[in-house]
Amino acid sequence: MTWRDALVLAGRSVRRRLGRSALTVAAVALAAALLTALLAIASTAQTRVLEQLSSGGPLSGISVTPAAGDAADLDEDTPDEGRLRPIDAADVERIEAIDGVEAVLVVQRAEAFVIRPERPRGGEPFVSGLVGVDLGRPSLLPVTVLEGRLPSSGGAPEVAVTEGWLERFDVDVADAATVLGTEAMWATGRLEDDGQEVRIRGRWVKATVVGVIAQDVGAGSMLTAREVVDDGRRWSASGVDGGRQMGVSPSTYAGLFVVADGVDQVGDVRAAITEVGFTTSAPENVLASVDRYLRVVEIILAAVGAIALAVAALGIANALLAAVRERRVEIGVLKAVGASDGDVRRVFLVEAAALGLLGGCAGATVGWGIARLVGEIVNRYLAGEGLATVTIDFPAAIMAGTVLGTTLLAVVAGTVPAARAARLPASDAMGGS
Amino acid sequence: MRSGPEALVGEAGTGLRDAGATIEVRGLSHEYPTALGPLPVLDEVDLSVPAGGRVSLTGRSGSGKSTLLTLLGGLRPVQRGTVEVDGVDVAGLDAEGLAAYRRRTVGFVFQHFGLLEALTAAENVELAGALSGTRPRQRKARAAELLEAVGLAERAGHRVHQLSGGERQRVGVARALFNRPRVLLADEPTGNLDGESSAAVLALLEGVSASDRLTVVLVTHDPAVAGRAPRRYHLDGGRARAIPIQ
């Protein structure tokens with residue numbers, strides 16, 4: 001008997017005992033749903049927590065500050081900064097050449113006088129940092145977008161503002177969306193001395209607010225394209241005293257954000273950057289600790305799901321054993337017609353696999369639905385708290401693993417009933433006589 | 001398409017390969033283990049059936065008729081004695097050999113029909129082909145041919161519960177003949193049928209036997225049915241006694 005014939009026969013048997021088959025499939029489906037939902041939620045929670053720790057950027061991100069580094073501080077995630085050590089283009093090139101570095105994003109900063117021309121209510125102009133980064137690779141930035149999007153480079157200036165900016169203009173975080181599309185203005189100042197008097201001359205920039213981000217970035221409250229900030233910085237630096245009194249740092253770059261090839265490379269890359277001469281910080285230790293903790297949680301949740309699956313497997317074994325008892329004559333007839341022990345075993349194993357497959361598919365689908373439902377509830381809470389929401393991605397690997405796992409488990413559970421059926425004597429065919 | 005018993009054995013049925021087999025049973029004994037000790041059922045049974053012969057086995061309930069049939073058909077291991085079918089000792093076959101023997105050499109017709117309820121009439125007939133490795137297309141054609149021959153072409157797609165007792169038994173006969181067996185073993189084939197259906201099934205079996213010299217062993221407790229066989233054995237006290245034809 002071919003596998004196809006065994007499948008047809010098993011399928012007919014399942015259909016004939018529809019009630020019992022449905023109950024068995026339902027038990028498997030419930031277990032599979034539980035497993036899928038738990039793993040999908042655990043996986044999302046892990047991603048969310050790690051993203052929070054890495055500020056939305058890659059887990060392998062390293063912050064480099066314009067301060068002298070000390071190799072003795074490498075064991076600390078956020079060491080104390082040493083004396084000022086400016087970062088220039090040559091330093092960037094040296095860091096880019098380090099083995100294990102995937103990308104280096106430069107950060108520039110300028111002091112700016114910030115106003116909000118369309119301000120509908122309270123809040124006063126203030127002086128704050130304007131931070132510029134390379135917006136060509138937004139996925140590498142350690143920034144969590146609460147509303148809207150990150151600014152784009154090129155074209156009319158766009159800006160993303162921080163929660164600090166909202167606070168200064170009396171906008172509640174829960175109403176962050178209301179500032180999208182409004183205008184923000186700032187001026188970088190140049191100190192001029194014509195021999196008679198010293199005065200500050202401002203260069204004004206008007207930009208559209210396109211996003212609200214969760215963190216204050218580089219001690220600034222606005223994030224925009226690096227070119228915009230570089231213009232402002234140059235303007236300030238072209239004044240008296242090289243712009244020192246206007247807050248221009250001797251360091252061309254306010255910092256770097258270095259992305260290592262992988263989390264396991266972070267330590268080596270940090271050491272190499274320290275050798276170049278800069279202080280680095282990365283949440284590698286806390287990430288590792290949290291990751292280990294989350295793994296334990298994931299294992300526990302998987303174990304809960306696995307126990308449910310084991311119970312379901314026992315259900316399959318029980319249902320098939322009952323079927324073997326009921327179908328003694330039928331099995332005898334199969335043998336009388338010429339079925340070998342292997343043929344009979346195959347029919348029951350295929351039947352077990354079919355029950356596991358059906359239950360696994362149904363359970364994985366329901367589990368995905370449950371995970372999304374839980375995600376919705378969690379998101380309502382997070383949104384209410386003004387926090388970034390989570391996205392429960394389609395857990396393709398988890399679902400495929402669940403379906404495969406339930407099918408294999410069902411086959412294992414069906415082994416004993418199948419062996420018992422195969423051992424039944426052909427003379428049982430006479431049982432109905 | 002041909003119909004009637006001659007169609008049952010098909011084209012290959014006219015050749016020597018498909019002619020009935022001789023059956024030689026010598027010193028066959030069988031007992032069942034019970035809590036009170038072994039229960040002997042057959043005791044030194046001797047029996048001969050020539051190739052293409054038609055034999056009826058009679059005896060009261062518990063006389064060992066069905067046990068003898070299962071031993072002839074390789075459904076049960078031989079404990080003592082020999083069962084030779086065309087010179088091949090069935091007792092010497094291993095599990096795979098017995099399965100092949102049941103698949104190719106014998107065809108069974110059961111009192112309870114032995115049909116799989118989950119399948120249609122045609123699928124039940126095809127089942128024998130699935131087990132013998134017949135390709136699906138040939139399998140379907142052969143099943144259609146056999147169902148036509150037993151007068152059930154219109155009922156091919158019907159499930160077992162939709163068939164009458166007589167129709168079920170005719171499907172059982174069609175399935176038994178699917179692989180062109182050389183021996184047909186029938187256990188009370190008319191035991192659950194009314195008079196008209198019984199006559200139809202018996203005519204079918206006799207036709208098959210006559211058309212291709214198929215060896216038929218038929219167990220029955222109905223003297224009228226037994227009397228239609230040219231050779232009769234009666235089981236009593238564990239022994240088989242040949243009954244002379246009147």
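Predicted model: local features only at pLDDT ≥ 70, side-chain atom pairs only at ≥ 80, totals over all residues.
Local features are kept at pLDDT of at least 70 and side-chain atom pairs at pLDDT 80 or more, while totals for chains, interfaces and linings use all residues. Residues count from 1 along each chain as its sequence is written, with chains lettered from A and ligands numbered from 1 in the order written.

**View 1. Helices α7(A) and α9(A) packed together.** Here α7 (residues 284–326) of chain A meets α9 (residues 341–384) of chain A at about 140°, axes 11 Å apart. Helices are DSSP runs of H or I, at least four residues, and strands are E runs of at least two, numbered from the N terminus. Axes are lines fitted to C-alpha atoms over the stretch in contact, with angles from 0 to 180 degrees between N-to-C directions. The pair is therefore oblique, the word for angles that are not under 35 (roughly parallel), over 145 (roughly antiparallel) or 65 to 115 degrees (roughly perpendicular). On the α7(A) side, look for Ala312(A), Ile316(A) and Leu320(A); their partners in α9(A) include Phe348(A) and Leu355(A). Contact means C-beta atoms, placed from the backbone, within 7 Å.

**View 2. Where chain B touches chain A.** Chain B puts in 27 residues and chain A 23. On the chain B side, α2 (65–72), α3 (95–104) and α4 (121–132) each give two or more residues.

**View 3. A hairpin in chain B.** Strands β9 (231–236) and β10 (239–243) of chain B run antiparallel over five bridges; pairing takes at least two DSSP bridges. Tyr233(B) is bridged to Ala242(B). Two residues separate the strands, and Gly237(B) in the turn has a positive phi of about 60°.

Terms used. Contact = placed C-beta atoms within 7 Å.
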